[in-house]
Amino acid sequence: GEVCNMINKKYNEFLPSMQSAEDLVSKVDGLSSNIDLLKAGIENEVQQDLNVAVAEFTELKQQLERDTLVLSILKKLQEFDTAIKDYNTALLEKKYVTAAQQLEKARSSLKMLESRKGFELKILKALGTELTVQTQNMLYHLGDEWQKLAVWKLPPSKESSSLESVMHSELHLRTVPSKGEEIAGPPVASVLQAFAVLGELHTKLKIFGQLLLKYILKPLISYPSLQPFTEEQSDVFILRFKSEEPNLDSSSPMEVFYKIQLVFEVLHKYLLNVPLVQPAEDIKECRVTLAELLGDMIWEELSDCLIQNCLVNSIPTNSSKLEQYIEVIKSTEEFEKALKNMHFLKRDTTDLLEYARNVNSHFANKKCQDVIVAARNLMTSEIHNTVKITPDSCGLPMLPGPPTGDHLKMEKTSKLLHNNMVNLENETKLSQYTFSLPTCRISSSVEKLMELAYQTLLEATASTDQCCIQLFYSVRNIFQLFYDVVPTYHKENLQKLPQLAAIHHNNCMYIAHHLLTLGHQFRYRLTNILCDGAATFVDLVPGFRRLGMECFLAQMRVQKGEILERLSSARNFSNMDDEENYCAANKAIRQVLHQLKRLGKVWQDVLPVNVYCKAMGTLLNTALSEIVTRIAALEDISAEDADRLYSLCRTMVEEGPQVFIPLPEDDKNKKYQEEVPVYVQKWMTFKELMIILQANLQEIVDQWADGKGPLAAEFSAAEVKSLIRALFQNTERRAAALAKIK
């Protein structure tokens with residue numbers, strides 16, 4: 001009973017709460033369906049109204065934007081119109097700057113209008129045309145004024161460059177405003193400022209600058225006798241020239257600077273001291289003056305002209321005058337400063353001053369250039385003007401020994417050596433002839449070239465380090481240049497003319513000879529500067545020897561070719577009993593001797609005697625050798641043939657030595673003619689051949705002497721047998737003789 005009560009109690013308590021939960025559920029269901037209805041209502045009606053409202057709003061907004069745009073366009077059109085009206089008024093009153101500014105205002109309004117997308121107004125094209133017409137009109141007015149303000153009186157264009165015509169150039173600058181103009185500053189200001197506003201100033205000034213350079217500034221630099229001359233009249237200032245006798249050919253930089261400065265001062269005073277009011281910026285900042293603009297345009301050309309035609313000429317050509325150059329540097333500095341004060345130059349411009357201060361380097365460059373030009377002229381001059389050099393004359397110039405104390409105090413003398421010793425190292429004594437050249441002829445231009453090299457090296461030893469190095473290398477360049485230029489420049493003559501080939505050979509040997517010792521003489525000064533004792537020319541020696549040899553050997557080949565060519569017409573020296581054959585052979589021999597005589601003459605007194613004898617010996621040898629070969633090859637020689645061959649050979653032996661005439665004094669040549677066998681390798685062979693042509697069988701066998709006789713020294717057994725077979729008929733005596741030749 002107790003438990004039942006408990007359960008009932010709990011159940012009674014539970015029922016009501018269960019009931020209330022169910023009520024709640026049904027309420028929620030009702031609410032939910034209300035929400036669905038409402039949502040459907042919103043989606044169907046309210047949303048539509050909202051969309052309409054947004055669309056209307058957007059349309060209104062676009063309408064407003066369009067109206068605003070139209071309004072701003074109308075405003076701009078009005079601005080354009082006002083600007084053009086104001087411009088016209090200002091132009092009539094000759095207020096050029098205001099007029100120009102109004103035009104620019106109109107231009108910017110038009111720009112704004114053109115930038116609006118979607119408004120391609122027909123009227124814009126018309127406005128653009130109107131603006132162009134008005135701008136041209138204004139520029140025409142300004143141009144007209146400008147021409148009255150700065151008037152050029154120029155010489156007729158045909159004769160623009162002579163001093164005579166330059167004298168006629170004048171520049172007139174108007175100094176008083178014409179009636180009814182109220183302008184501050186020179187009358188020119190408003191015109192030029194208006195040009196500036198319209199962006200046309202640059203063109204106008206450029207033309208003015210070019211005229212100024214061509215007719216005033218450059219002539220003042222080029223003609224020392226021109227003086228600028230100024231004259232002031234009531235309303236105009238005139239700049240013209242007068243001519244005075246110049247003191248020198250080229251005026252000093254000081255005088256030129258003074259004249260140019262005077263011109264700039266005049267321009268500054270009457271024309272260019274005008275600030276440019278530039279439209280777009282804050283006026284305080286743009287104090288650019290006309291002087292600056294003009295300076296920018298012409299300074300580069302003017303400074304180049306001053307350097308090339310004035311400063312370059314003032315660079316000294318020898319080191320002793322370098323001291324006095326300080327004066328030029330100072331006046332250059334003052335000139336630049338004056339132009340900066342007038343605003344023609346920017347503060348940091350120093351082209352002229354840098355050039356002048358760099359005088360040492362320019363001195364070296366100028367010197368080197370002069371040296372190379374002089375050298376080139378010598379190399380391209382005629383080779384055949386010669387001087388004779390002898391072992392005595394060709395001694396080496398004495399140069400300063402090792403420095404004592406101050407190594408710059410060098411003697412600048414170069415005494416030629418006539419004593420018998422060359423003092424090279426103070427301790428090593430060498431005979432004077434160790435370094436001597438044999439007597440011969442060289443081109444006088446090459447002797448001068450060598451003097452130039454010595455002079456330049458002497459100058460180098462007295463110069464600053466930098467200059468010394470440059471000069472040393474320019475001397476090396478002289479020789480490199482010779483090596484490259486001469487063989488090419490004189491190529492044809494060196495091939496055609498045996499005498500020139502000989503002189504060129506001597507020239508090269510002479511140069512090589514000097515190069516051996518050239519660096520050595522200057523070593524005390526040069527090695528301090530050029531590292532590792534590089535002050536030498538020895539490395540160039542083999543090249544020069546080769547150059548001389550090659551040229552001469554090429555000439556020798558030509559001569560040999562001619563000898564063989566002439567002998568080839570001798571019909572192989574066969575059948576000399578035939579008159580025609582004999583004449584041909586005789587003529588060939590005569591021609592060869594004639595050729596050798598001519599060579600002997602053109603090389604006489606030119607080549608060193610030993611070279612001469614070797615060369616003539618080689619050529620005579622070519623002829624003899626060819627004759628021997630031809631005769632030894634004959635298969636049949638009749639008695640009459642043999643006699644005639646003998647007389648041809650005798651001509652060669654008698655007259656051959658007479659082509660050896662190395663010296664102009666005849667009596668001195670005997671010695672060399674007697675020594676011919678020394679220089680002509682085949683001389684004895686030739687003499688033996690002549691003996692065979694005249695001998696009987698027994699005499700030939702005796703000359704052979706079992707292979708120990710003189711004949712065996714010159715001919716082989718086979719050659720002698722062949723000659724015996726050609727000369728003698730086939731008999732038992734011939735067979736016996738042949739048996740003994742082995």
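A residue counts as buried under 20% relative accessible area, as exposed over 50%, and as partly exposed in between. Keep that in mind while looking around this predicted model.

Asp296, at 48% relative accessibility, falls in the partly exposed class. Its salt-bridge partner is Lys346, with N and O 2.7 Å apart. This pair ties together distant parts of the chain, 50 residues apart: Asp296 belongs to helix α8 (residues 290-314), while Lys346 sits in the loop between α9 (326-341) and α10 (351-357). Lys346 is partly exposed too, with a relative accessible area of 41%.

The structure has 24 salt bridges in total. Here are three of them:

| Salt bridge | N to O distance |
|---|---|
| Lys346 and Asp296 | 2.7 Å |
| Glu93 and Lys95 | 3.0 Å |
| Arg571 and Glu580 | 3.6 Å |

How accessible are the other partners? Glu93 comes in at 44%, partly exposed, and Lys95 at 46%, also partly exposed. Arg571 is partly exposed at 37%, whereas Glu580 counts as exposed at 54%.

**A look inside**

How many cavities of 30 Å³ or more does the structure hold? There are 3.

Technical notes: Residues are numbered from 1 along each chain as its sequence is written. This is a predicted model: local features need pLDDT of at least 70, side-chain atom pairs count only at pLDDT 80 or more; totals for chains, interfaces and linings use all residues. Side-chain values use heavy atoms; hydrogens and water are left out. On a 1 Å grid over the protein atoms alone, a cavity is a set of points where a 1.4 Å probe fits but cannot get out, and a pocket is an open set with protein on both sides within 12 Å along at least five of seven lines; lining residues have an atom within 4 Å of a point. Grid points are joined across faces, edges and corners, and a volume is the space filled by probe spheres set on the points. A salt bridge is a side-chain nitrogen of Lys or Arg within 4 Å of a carboxyl oxygen of Asp or Glu. Buried means under 20% relative accessible area, exposed over 50%, partly exposed in between (1.4 Å probe, protein chains only). Helices (H or I, at least four residues) and strands (E, at least two) are DSSP runs, numbered from the N terminus.
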